[in-house]
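Hi,

Here is the model I said I'd pass on.

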Amino acid sequence: MTGTILVTGGTGYIGGEIIDQLLAREYTVHTTVRDAAKSEAKLRRRWPDAGERLKVFSADLLSDDGWAEANAGCDAVMHVASPFPLDVPKNADDLIIPARDGTLRALEHAFSAGIKRFIHTSSAAAIAYGQPHKNHFDYTDWTDLTKKPPPYIQSKTVAERAARDWVAMNAPDMAYCSINPVAVFGPVYDDDMSTSVEMVKKIVDGSIPLIPNMGICITDVRDVAEAHIRALEAPADTVRGERFPTSQKFMWISEMADTIRARVPEYAGKVPTRRMPDWLAKFLAHFMSEMRQIKGELGNVRDVSGRHTEEKLGFTFIPAQQTLEDTVRSLVAKGIVKV
Ligand code: NAP
């Protein structure tokens, strides 16, 4: 399939990688940003040869303005935009409302424009939280909102649930599916990178002096984009209603540090070696918002399987060790981390 694809959130880390891959595969791309007057020049610098194959539209998740124009002439939508801030907002609605209403807005406008395929960038946040006795998860699992997980996790879960309900009620024939990435790392384009990559940056630049007892699942931004494009190109019946987690491997932060030391020793001088005891992490949480965010994760295994996605969409994820190496090399090459 080639055609015209709307990618929302073209200024973002994942949105940018998807646009990169779509343009490389000869698609025409429409993308939404909050303010095209501010962002278009930067996007054109990234894709100087795209010309008419890239069109940039202003459309905010919280307003209807611009959405009809962005959808006009498109064959499919990849709805990527959603707030993903580093800090936890005081009011969960600051994230939930744009995530949910923005997704419904994107769906409604896609439907009005006659678009039959909608690929929604959800998250493993909608899969693996609020189930304290579980360590292993897959595409069939849902975060339990009654356990009041943190605002970002609520926002992604509420948005995906709302999207599925909306499609079931209004557009049951639409080939809607979600892509549910775990923590996304990989090469960065510039220092305007995602909250997720900040974690690798902090490990390498020395801002984490001791290693907390926590772990995360890792996926590569190139695989996240690949999953979106495979979900676009697969037969409609293969993707309709599906959830596609992208997740290569669960790793403790200590393993991430060891991997970076082994694969890129020349950049690992500030990578911490000593462990932070849990009591210290809990104590620091009284004063430091970053420690407050990870306090509930100490010792937790949240291993989300991406096997279903590899099997259904027919590709193999990049090994997490390679992803970490490429993330570090890119952070150094772009001057974001000084070693
Ligand atoms: P990102 O770089 O922060 O991108 C977020 C995008 O959403 C940006 O383009 C941002 O626009 C846009 N956005 C936020 N609020 C908006 C609003 N009110 N109106 C219009 N656009 C708005 O983060 P990312 O990592 O690429 O995340 C992209 C998607 O992947 C999100 O849906 C996120 O939940 C999901 N995801 C990310 C990860 C990860 O580890 N990175 C994991 C799982 C799922 P501005 O540039 O104007 O702020």
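First, the ground rules. This is a predicted model, with local features needing pLDDT of at least 70, side-chain atom pairs counting only at pLDDT 80 or more, and totals for chains, interfaces and linings using all residues. Residues are numbered from 1 along each chain as its sequence is written, and side-chain values use heavy atoms, with hydrogens and water left out.

The ligand has 25 residues around it, and Thr 11, Val 80, Tyr 152, Lys 156 and Ser 194 come nearest (near means a heavy atom within 4 Å). That shell splits into 13 nonpolar, nine polar and three charged residues (Ala, Val, Leu, Ile, Met, Phe, Trp, Tyr, Cys and Pro count as nonpolar, Asp, Glu, Lys and Arg as charged, the others, Gly among them, as polar).

On polar contacts (N or O pairs within 3.5 Å), the side chain of Lys 156 puts an N or O atom 2.7 Å from a ligand oxygen. Backbone N or O atoms do likewise at 2.9 Å for Tyr 13 and at 2.9 Å for Val 184. The ligand alone exposes 890 Å², of which the protein buries 87% (Shrake-Rupley, 1.4 Å probe). Helix H1 (13-24), helix H5 (151-170) and strand S8 (183-185) each give two or more residues to the shell (DSSP runs, helices H or I of at least four residues, strands E of at least two).

UniProt's unreviewed entry places "domain: NAD-dependent epimerase/dehydratase" at residues 5-244; annotations there may be inferred rather than shown by experiment. That stretch is 40% helix and 18% strand.

Cheers

Methods. A polar contact is a pair of N or O atoms within 3.5 Å; within protein, one must be able to donate a hydrogen and the other to accept it, and residues adjacent in sequence count only if both atoms are side-chain atoms.
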